[in-house]
Amino acid sequence: IIKLYKINDSTPAQLNIQVKVSANVYDDNLDKVLIQVDPPANAPYNITAQSLGSEYYNDTTILNQVGQWIFTFFANDTFGNNATSRIALDLDQNPYINVTNNKLFSTNDIQSIHSTPLDTNKFALAWCDQTESDITVAVYYTNLTTIIEPVDVDSSSVCNSTANNQVGISAFNSTAIVVAWNNENLDDVLFSTYTINSTNLTAMSSVVTVNGNAGTGKAVSVSTFNATTFVIGWANGTDAGTINGITFAAYSMNGTVVKAATPIISNRGGKTVSISAFERETEFDLSSFVIAYHDVVGSDLNYSTHYLNGSIIRSTTVDAAVGGSTAMNVSVSVATLNNSVFAIAFYDSIDLDVTFATYNIIGTAITSPTDVDTDVGTAASVSVSALNSTAFIVGYYDNTDTDVTFAEYLLNGTTLVAPTDIDLTARQYQDISSSLVAPQIGLCGDNFISGRKSIQIPVIL
């Protein structure tokens, strides 16, 4: 009989820690106790357990791979009888232990954070540094070795203690990025493009003012179409005083206007916006994108799909009652998965939940709004990213549990990975990124990056 099968640590565990796996095994004619180890990336292997009285254990396993580890106990007696196998439980009673890799990238207070893959083993990170009141960018390998130390791209009192600034970042290819942000001091929406060299960033464009008087608009989002062109969406407060409009524009990587500023809605929009470009399968496909936003007047959550020339393909209300009179407590994120489908995730400040839905470009629902978590409290930040052409990941801050959590789903709503905590001491701002569909940049396999505000403000792969 196998009892008290356990792991002496809990999920999430830090990379390269050593764990003890143990169980109590009882049999008058016990012959052998084996522990089968299932690492995240390698084939399962067996370990002969050591014994101390009725306790059988192994305390030499080093969790040297990121992902889910499973430990299963097997036992047999001298007559050839086998005990019922048991999977060891971590300290939180999970039948596995998840391993993550942490890096402290800033000790300052941050307001907003976004990341973008560059290729299978590199990514760039951008954040709004409230302590220094600037927009900062850094580049890392996925093992979290630093490639380019944090660089300030705008230090002109960009952030302050009351505004919910946002910053966006997207990759043209493995060596070029665009960074967009809202300057709280100037009330401007700005962007700049950069080449990533071995140790520094080189500006390709000057800092371009997209909107020179965005007023109370605080949200900005950016997505590349291909290796030369990108689309930017933002909340434009000048459209109606304290109520924002939602606007988009497109530019080339050198800063040249491709499509001038074009309103999506006026006099209604909130301070939350997210934009994502669709993949073009052939050179004859028209460039298109999806933009999601909160409508303060209607207290609803909407998206619309457009061609680059501004022509609307479809506009749909995803949730007619998400609340948020000022939109500071509403969060939305959208991610395209291929040339025609996308996932949208958002925080509902009325129901206090995190929800996702999936659609195709012409507005047909694939999965109707589905709750990921029905009790996240009175503050949340939500992000969604494509794992591949048929699956996506949702990340969110849970104010009820003060943690950052992720879950994975197929387009049809099938759960791949149930909500799993990444950081149990988190704060509101977080971001998930895994792949950029439009230029077909992604991480290796189904890996993802989670950047977040925490007691230690780490970034995790």
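Guide: Before we start, one cut-off: rings of Phe, Tyr and Trp pair if their centres lie within 6.5 Å. With that in hand, Phe 172, Phe 191, Phe 230 and Tyr 251 form one aromatic cluster. Keep in mind that this is a predicted model.

Visitor: Okay, and how many aromatic pairs does the structure hold?

Guide: There are 15 aromatic pairs. One of them is Phe 230 with Tyr 251, which is stacked, at 5.9 Å centre to centre and 20° between the planes.

Visitor: Which parts does that pair tie together?

Guide: Phe 230 is in strand S22 (residues 229-240) and Tyr 251 is in strand S23 (residues 243-252), so the pair links parts that are 21 residues apart in sequence.

Visitor: Are those two buried or exposed?

Guide: Phe 230 counts as buried because its relative accessibility is 0%. Tyr 251 is buried too, at 7%.

Visitor: And the rings of Phe 356 and Tyr 409, why is that pair tilted?

Guide: Their planes are at 35°, so the pair goes down as tilted; the centres are 4.4 Å apart. Phe 356 belongs to strand S30 (residues 353-360) and Tyr 409 to strand S34 (residues 403-410), so this pair ties together parts 53 residues apart in sequence. Phe 356 has 0% relative accessibility and counts as buried, and Tyr 409 is buried with 4%.

Visitor: Where does Lys 20 lie?

Guide: Over the face of Tyr 57, at 4.9 Å from the ring centre.

Visitor: Switching to the fold. How many helices and strands does the chain have?

Guide: Zero helices and 40 strands.

Visitor: What about S13 and S14, how many bridges?

Guide: Eight bridges, in the antiparallel sense, between S13 (residues 122-129) and S14 (residues 134-141). Leu 125 stands opposite Ala 138 in S14.

Visitor: New topic: Asp 188. Which strand is that in, and which residues does it touch?

Guide: Asp 188 is in strand S18 (residues 188-196). Leaving aside residues up to four places away in sequence, Asp 188 touches Trp 181, Asn 182, Asn 183, Thr 209, Asn 211, Gly 212 and Asn 213. Asp 188 counts as buried, at 10% relative accessibility.

Visitor: And what does the chain look like overall?

Guide: Buried residues make up 58% of its 461 residues. The chain exposes about 17500 Å², with carbon and sulfur atoms supplying 47% of that.

Key: Residues numbered from 1 in each chain as written. Predicted model: local features only at pLDDT ≥ 70, side-chain atom pairs only at ≥ 80, totals over all residues. Heavy atoms only, no water. Helix = DSSP H or I, 4+ residues; strand = E, 2+ residues; numbered from the N terminus. Buried < 20%, exposed > 50% of the residue type's maximum accessible area, 1.4 Å probe, protein only. Contact = heavy atoms within 4.5 Å. Areas by Shrake-Rupley, 256 points an atom, 1.4 Å probe, with all protein chains shown as cover. Pairing = 2+ DSSP bridges. Phe/Tyr/Trp six-rings, centres within 6.5 Å; stacked < 30°, edge-to-face > 60°. Lys NZ or Arg CZ within 6 Å of the ring centre and 35° of its normal.
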